[in-house]
Amino acid sequence: MMLGVVGRQAGEVGRLIFKRCSNDNAAAMAWVAASKRFMSTTEMNVRDALNSAIDEEMSADSKVFVIGEEVGEYQGAYKVTKGLLQKFGPDRVLDTPITEAGFTGLGVGAAFQGLKPIVEFMTFNFAMQAIDHIINSAAKTNYMSGGTINVPIVFRGPNGAAAGVAAQHSQCFAAWYGQVPGLKVLVPYNAEDARGLLKAAIRDPDPVVFLENEIMYGETFPVSPEVLDPSFTLPIGQAKVEREGKDITITAFSKMVGYALKAADELAKEGISVEVINLRSIRPLDRATINASVRKTSRLVTLEEGWPQHGVGAEICASVVEESFYYLDAPVERICGADVPMPYAANLERLAVPQIEDVIRAVRRACHRSSAEDQREAA
Amino acid sequence: MAVSLASRVGGLVSLDACSLLGNNGVCKQAEQKSHCSVVVAGVAAFQSRFFFGDNSPYTSTSVVWRGAMTAGGSKAGGGRGRGVVAAAGGEGSTATMASAPELVKPKPKAKPQELLVTKEEGLEIYEDLMLGRTFEDMCAQMYYRGKMFGFVHLYNGQEAVSTGFIKLLKKEDFVTSTYRDHVHALSKGVPARQVMSELFGKSTGCCRGQGGSMHMFSKEHGLLGGFAFIGEGIPVATGAAFTTKYKREVLKDENADAVSIAFFGDGTANNGQFFECLNMATLWKLPIIFVVENNLWAIGMSHYRSTSDPEIWKKGPAFGMPGIHVDGMDVLKVREVAKEAIARARRGDGPTLIECETYRFRGHSLADPDELRSPAEKAHYAARDPITSFKAYLLENNLVTEAELNAIDKKIDDVVEDAVEFADASPLPIRSQLLENVFADPKGFGIGPDGKYRCEDPGFTAGTAQV
């Protein structure tokens, strides 16, 4: 904790020095890097985690390049690619016209030839204009070509609801992409996930859909020195048990992991011990971890922000019913976003996505320890 | 009517050469009261220095004429003049300009130094044309015998485009196509055996039987697909061209000069991705050639019913690249245009859009009853069969003898028969092949920090929960 305070102060000093010698780019960059590293031996936000992952992979392999709207001079629509244009030049950080289908296909064509594009979508809603290329020319090509042409491409960008951005900017695409064989779909939660999974994705020889979350970009998490090491990667297809428990399992991904953890803290006061699983990977889905956990706790609540029908929770429910049916003591509860396009009004938006109270109520229901009020408000 | 049209359009000799004939024999463009696209001899020079830079030989739009068909018919194929008309020359323009009156005069038999191909090239071209035609005819036979299934789209009649462009490419150059891709694969060098096996769905096919007629891929030969969605191959080809640029500029590989060609049809030229790629290709000066095989029909949708301005070549200059129109039934004209476009791309001057007027003799696919196209139109194009006219050119100019051509015919027949036998004898894919090749990484769990596949690490367990 103390170190963190000192680190933050050092960071501020670093920034002051940066301002003073801003004419001397090399020295300034060195100071910023040093202060960043010092500052972040304990803490890092998700945005910086993603930025550092891309930075390190681009330094390590000159075939990696970034392409997307506003990734260069604007420093990234959400500042995730900040500083990369200055460091790697316009040949490796490409600002594109507003042509999702075109530049996604261009990235796929380059990947066919062994380059490693990181295609940024301003949000995954816009990727719908390019979804033909994500599915038909990226995901399916290794199969269609009999294994001769693989596609080492990463599609990344914010996914899911933000705040007040309404229906066309708030859709969660985890279930859509998660259904497609040939894609790997990753959903990081914290800074460690962001760094490790993105580095793994960039190194991976197959197309990876990397679903971030805009609200999480600014959230800070403690990170160990191991996470900051340039060779740090996380396995694709392996979930993490964020919190161990024995009464009930909650599976969640992305921002919802935070909600599940907060709900777990509240429920611990009532004596319910919640196990929270951070999925990290929608495809391949870590069915083994989920089932092992359900066999231990006998109850399951799936939590996601997307729409309920054919969602991620539906798949997890099916997997658990198939493999661990006799271990279940209660029906599986699915907590999802409301089955409506996202409304704009703030109070309606709050009703349309899961809140911590919804998680708590669902857990209580599944544990058969709910008051009449909880039963009535079953969403 | 014909005379007044000819004089109005300034020099078109024979309306047989005009593909815009409606069923009543009157030029469709005239009916629509717009000027005849056949004639654009006086090309509007447009302010192109901004786009092309000072070193480009193109200072304005280039347009290629289907001219030089002699009056009274194109059967003999005589008078095959240069099809290329380059732009109103500015300074530094090295392209030649043939004016309308020159195009109009019937040309005498070409003198030896004016021949467009050598004997060897002529034989190579003829062999490729014949391979395409014979192979596709065999596909039709096999389909009706039940050996081939699903969607099969044949290329009969359009061989001049494939041969004209692809025979000028190197092995490292890239080609993308649509679902009408058998002949592009063959011209690019994929062995006929592998293509036929793929069509039969056998494991010896170029894609192990997992792709099929519409998804021909060959990494070795630079064939990047075979796409069922029209327009899908265009960004992919643009990306392949981008790779060449990236290799030169970022990876500092000075020998990287691979050129990319995207083949697609008239229907695709209305698709959004096409325009997106025209824009990006010029913007980043990518070594790509956009080749429109305008066969006037997209299944049953006539080009004129679906396109606001049917002259596709015009879309090039709108995006800052030369737009060229060429007679796609004449392999030599296509070849001339292709040479210039490929050279332009290879030296780094950027993309070109080439519209080839061509025709498919068969229906859209083998399931298409082909009822909407008029017999007159079909007959008109059948008379311009690229193989017949090229054969006539070779013989008339004494480049080859009949015997040599017959020998090639026989050789191709043997190649195609052998391909069928090979495909017949090849095994179907085994059951376990169903789940193979989904990922390049065998189990899809990614690559670990040590650079090896995670699933190969004996310590890799799935999950951390303690049971």
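Helices (H or I, at least four residues) and strands (E, at least two) are DSSP runs, counted from the N terminus. The model shown is predicted, and local features need pLDDT of at least 70, side-chain atom pairs count only at pLDDT 80 or more, and totals for chains, interfaces and linings use all residues. Residues are numbered from 1 along each chain as its sequence is written, chains are lettered from A and ligands numbered from 1 in the order in which they are written, and side-chain values use heavy atoms, with hydrogens and water left out.

**View 1. The loop of A:Ser254 in chain A.** A:Ser254 is placed in the loop that runs between β10 (248-252) and α11 (255-269) of chain A. Its phi is near 60°, a positive value in a residue other than glycine. Most residues other than glycine have a negative phi, and most peptide bonds are trans. A:Ser254 counts as buried because its relative accessibility is 7%; buried means under 20% relative accessible area, exposed over 50%, and partly exposed in between (1.4 Å probe, protein chains only).

**View 2. The loop of B:Lys285 in chain B.** B:Lys285 also has a positive phi in a residue other than glycine, here near 50°. The residue belongs to the loop between α10 (272-283) and β5 (288-294) of chain B. With a relative accessibility of 37%, B:Lys285 counts as partly exposed.

View 3. The bond from A:Arg283 to A:Pro284 is cis, and omega is near -5°. A:Pro284 sits in the loop between β12 (281-283) and α12 (287-297) of chain A.

**View 4. Helix α6 of chain A.** This helix spans residues 131-139 and is mostly covered, with eight of its nine residues buried. The buried residues are A:Asp132, A:His133, A:Ile134, A:Ile135, A:Asn136, A:Ser137, A:Ala138 and A:Ala139.

**View 5. The packing of α5 and α16 in chain B.** Two packed helices are described by the angle between their axes and the distance between the axes. Helix α5 (residues 119-144) of chain B packs on helix α16 (residues 402-425) of chain B at an angle of about 40°, and the axes are 9 Å apart. α5(B) is therefore oblique to α16(B). Axes are lines fitted to C-alpha atoms, for helices over the stretch in contact, and angles run from 0 to 180 degrees between N-to-C directions. Angles under 35 degrees count as roughly parallel, over 145 as roughly antiparallel, 65 to 115 as roughly perpendicular and the rest as oblique. The crossing of α5(B) past α16(B) is right-handed; a crossing is right-handed if the near helix is turned clockwise from the far one by less than a right angle, and left-handed if anticlockwise. Residues of α5(B) that meet α16(B) include B:Leu123, B:Tyr126, B:Met130, B:Phe135 and B:Met142. On the side of α16(B), among the residues met are B:Leu405, B:Ile408, B:Ile412, B:Val416 and B:Val420.

View 6. B:Ser218 is in the loop between α8 (192-200) and α9 (233-249) of chain B. Its relative accessibility is 7%, so B:Ser218 counts as buried. With neighbours within four places in sequence left aside, B:Ser218 is in contact (heavy atoms within 4.5 Å) with B:Val190 and B:Leu223. B:Ser218 and B:Val415 are 197 residues apart along the chain, and their C-alpha atoms are separated by 20 Å.

**View 7. A:Gln113 against chain B.** The loop between α5 (100-112) and β4 (116-120) of chain A holds A:Gln113. Residues up to four places away in sequence not counted, A:Gln113 touches B:Phe174, B:Leu224, B:Ala240 and B:Thr243. From A:Gln113 to A:Tyr217 the separation is 104 residues in sequence and 32 Å in space, C-alpha to C-alpha.

**View 8. The annotated spans in the two chains.** UniProt lists "domain: Transketolase-like pyrimidine-binding" (unreviewed entry) for residues 44-219 of chain A. This span of chain A is 36% helix and 16% strand, and its end C-alpha atoms lie 8 Å apart. In chain B, the UniProt annotation "domain: Dehydrogenase E1 component" (unreviewed entry) covers residues 128-428. Over those residues chain B is 46% helix and 10% strand, with the end C-alpha atoms 29 Å apart. UniProt positions are given in the numbering used here, feature names are shortened, and annotations may be inferred rather than shown by experiment.
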